[in-house]
Amino acid sequence: MRLSALLATFTLFASSTALANCPGSIAFGTAASRGPQVADRLLDGRCLSAHLADAVGRDPTPDERFIAVASLASRWAEDGVLSRKEAAALMSAARDATVANTVKLRVLAFNDFHGHLDGSRLMVNSPIDGIHTAPAGGIAHLAGLVRELRTGMPDTVVVSAGDLIGASPMESAFFHDEPTIEAMNLLGLDFSAVGNHEFDDGLLELLRMQRGGCHPGGQHTCQGASVGSPVPFSGALFDFLAANVRDEHGNTLFPSYGIRTVGDIRVAFVGVALSSTPRVVNPAGVAGLRFEDEADTINSVAADLRRRGIQAIVVLLHEGGRTEGSINDCTGMQGPVVDIVSRLDDAVDLVVSGHTHHAYVCRLPKRSGQPVTVTSAGSAGRLLTRIDLTLDRQSRDVVAADARNLVVERDPSRTPILPDASTATLLAAYTALAEPIARRPVAQLGAALTRSPNAAGESPLGNVIADAHWETTLLPQAGASVAAFTNPGGMRGDLLPAADGSVTYADLFRIQPFGNTLIITTLSGRQLYEVLAQQWTSGRVLQVSSSVSYRYRELPGQPGPASREVCPGSLKIGGRPVVADADYRIAVNSYLAAGGDGFSTFSQGRDSQGGPLDVDALAAYLAHLGTVKPPALKRIQKVERCD
Ligand SMILES: [Zn+2]
């Protein structure tokens, strides 16, 4: 692709007119001080600078520019128009000029989209940026903003840093995430790193997302005739990338990188998955696959790219960090991405990160101490990161990266975005197909399951969800759990039956909207007591499966978080007292497993493996029960005295 209008090319300052006098020096670029200090002069009715501009032409490569200048300068030296010294000065300036010798590449990036096509309930909240719970996101507005930012920027690449699919809302999840892939084809996504959630339904299903074809289950797949997309399902028109995921033969599952060419400069986009993916997804889905260290992989791919003459290297990394400031700064940055970047080779020019769902724009030091721009656009397509890369035509490398997170505004009274029609139509068609499925009854409730806790902190809905998590993970191949713990904050409402007693998929999605998966992990008895003690500092009583019971008391005269204690010896699993040094397999959701809500001890679990989505576990459990009665609240007891 040739650039024309966009290109700030080799320019000659004094080349204004064909007037008899040619003022000033012949200059390269915009900074006169970088010029060769050779006085311009008239030759055959035109200034030397105008002759040079003609000879160099538009959009030259560094070699073309040098050859054009050198041949003119040497002829002029022979003809006595220039001194030898002046000719040499012109040539070396032509060789070294970097000013105004750059091209732009716009990178539009997002991460952790998670199939959020419908933006009607999505919000962004960042008071420090003056954003107070503003409606944001949705595929039509995201695609609309992408189109707007492409305008006048023919060299634009759209990238995702993983978790594009998986843990999706109904409009995508019901159709095996085919809607999201089709919507991204329309939006013009170029590359997506593979995240951990891409493996939620296993490797074969991920390969189908790339290559196309119908889901082998045959249900809710290949809906193209109803929604106006290709039949059978076409698969992604963009490339999934994963440099650090290998099969048993040592081959990468997907390409390690993709290339875009700007003018004559090649830019590589390297995709890297979360190295700890096997600890957070269902083992069956990643059987036989090896997930390698992120930094080592990036450095080795970067070395390979350099050997091929590619200097501009962008990394799409499905791992990130946590910040607490503006969506456009780096306040309080911590997390795995800091360590990964600190081990990176200087060849890396930009890191688009993800996984933590935090939004930031950082400059983090690489191994040499040189900083690199590291971005994340939060999650669910509510933000889009606009990154303008300046590429030097001589070094063919990135010399500057200007990054900013933009809100995908859905409120027309703010910065209006013209929604994209094609993705809006696709979403509307899938929503219409999803409605009857969402309204299908899953089970009958004898009474409402509320999340209101009793005096001890236990609730009917909490008990049912914890039981669902335990039942789903108790078989040996499913993780062999003996108990489940879940956080009350993970329940977003009461489960209320319709007049006929039924509850539907839509009801379940409403109370479990976070897309958390189940994680089965091993803690010692001592750590289980520690987890329960963390309840008093976090102010949240965990909901426990029917296999768990314990008592706790208020300590007299000690107000505040330290005022409670679990009665020693009272914690039982399966009716037996928990022993400090024994190991217990337990199930929690992925939020708790990462230490969420202050339950840091869960993050110390060993031999972790992943399970299904929480909402799927709940649906299967309720469907299996058929009719659900609110369980008795007798698992946790608050007592006056422990003896
Ligand atoms: Zn992730």
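I call a crossing right-handed if the near helix is turned clockwise from the far one by less than a right angle, and left-handed if anticlockwise. With that in hand, I opened the model, which is a predicted one.

**Entry 1: H4 and H6**

I began with helix H4, residues 139-150, and looked at how it passes helix H6, residues 178-187. The crossing of H4 over H6 is right-handed. I found an angle of about 20° between the two, and their axes lie 10 Å apart. Angles under 35 degrees count as roughly parallel, so H4 and H6 are roughly parallel to each other.

Which residues of H4 meet H6? I listed Ile 139, Leu 142, Ala 143, Val 146 and Arg 150 on the H4 side, and Ala 183, Met 184 and Leu 187 on the H6 side. Sorted by class, this contact has seven nonpolar residues, one charged and no polar.

**Entry 2: H4 and H11**

Next I turned to the packing of H4 with helix H11, residues 421-438. Here the axes come within 8 Å and cross at roughly 165°. That makes H4 roughly antiparallel to H11, since angles over 145 degrees count that way. I noted a right-handed crossing for H4 with H11 as well.

From H4, the residues in this contact are Ile 139, Ala 140 and Ala 143; from H11 they are Thr 423, Ala 424 and Leu 427. I sorted them into five nonpolar and one polar, with no charged residue. Looking back, I see Ile 139 and Ala 143 of H4 in the contact with H6 and again in the contact with H11.

**Entry 3: H1 and H2**

I then went to helix H1, residues 48-56, and helix H2, residues 62-78. Their axes come within 9 Å and cross at roughly 140°, which means that H1 is oblique to H2. H1 passes H2 in a right-handed crossing.

I wrote down Leu 48, His 51, Leu 52, Ala 55 and Val 56 for H1, facing Arg 65, Ala 68, Val 69, Leu 72 and Trp 76 of H2. By class I have eight nonpolar residues, one polar and one charged.

**Entry 4: the zinc ion**

Which residues coordinate the zinc ion? I found Asp 163 through OD, Asn 196 through OD1, His 318 through NE2 and His 355 through ND1, at 2.1 to 2.2 Å. The angles among the four donor atoms run from 85 to 161°, and the site is irregular. For a tetrahedral label, all angles would have to lie between 85 and 135 degrees.

**Entry 5: backbone notes**

I finished with two backbone details. Val 231 and Pro 232 are joined by a cis peptide bond, with omega of about -10°. Pro 232 sits in the loop between helix H8 (224-227) and strand E10 (239-241).

Where does His 220 lie? I found it in the loop between H7 and H8. His 220 has a positive phi of about 55°, although it is not a glycine.

Notes. Residues are numbered from 1 along each chain as its sequence is written. This is a predicted model: local features need pLDDT of at least 70, side-chain atom pairs count only at pLDDT 80 or more; totals for chains, interfaces and linings use all residues. Side-chain values use heavy atoms; hydrogens and water are left out. Axes are lines fitted to C-alpha atoms, for helices over the stretch in contact, and angles run from 0 to 180 degrees between N-to-C directions. Helices (H or I, at least four residues) and strands (E, at least two) are DSSP runs, numbered from the N terminus. Angles under 35 degrees count as roughly parallel, over 145 as roughly antiparallel, 65 to 115 as roughly perpendicular and the rest as oblique. Contact means heavy atoms within 4.5 Å. Ala, Val, Leu, Ile, Met, Phe, Trp, Tyr, Cys and Pro count as nonpolar, Asp, Glu, Lys and Arg as charged, and the others, Gly among them, as polar. Donors are N, O and S atoms within 2.8 Å of the metal (3.2 Å for Na, K and Ca); water is not among the atoms, so sites may look incomplete. Four donors count as tetrahedral if all angles lie between 85 and 135 degrees; four count as square planar and six as octahedral if opposite donors are over 155 degrees apart and all others between 65 and 115; anything else is irregular.
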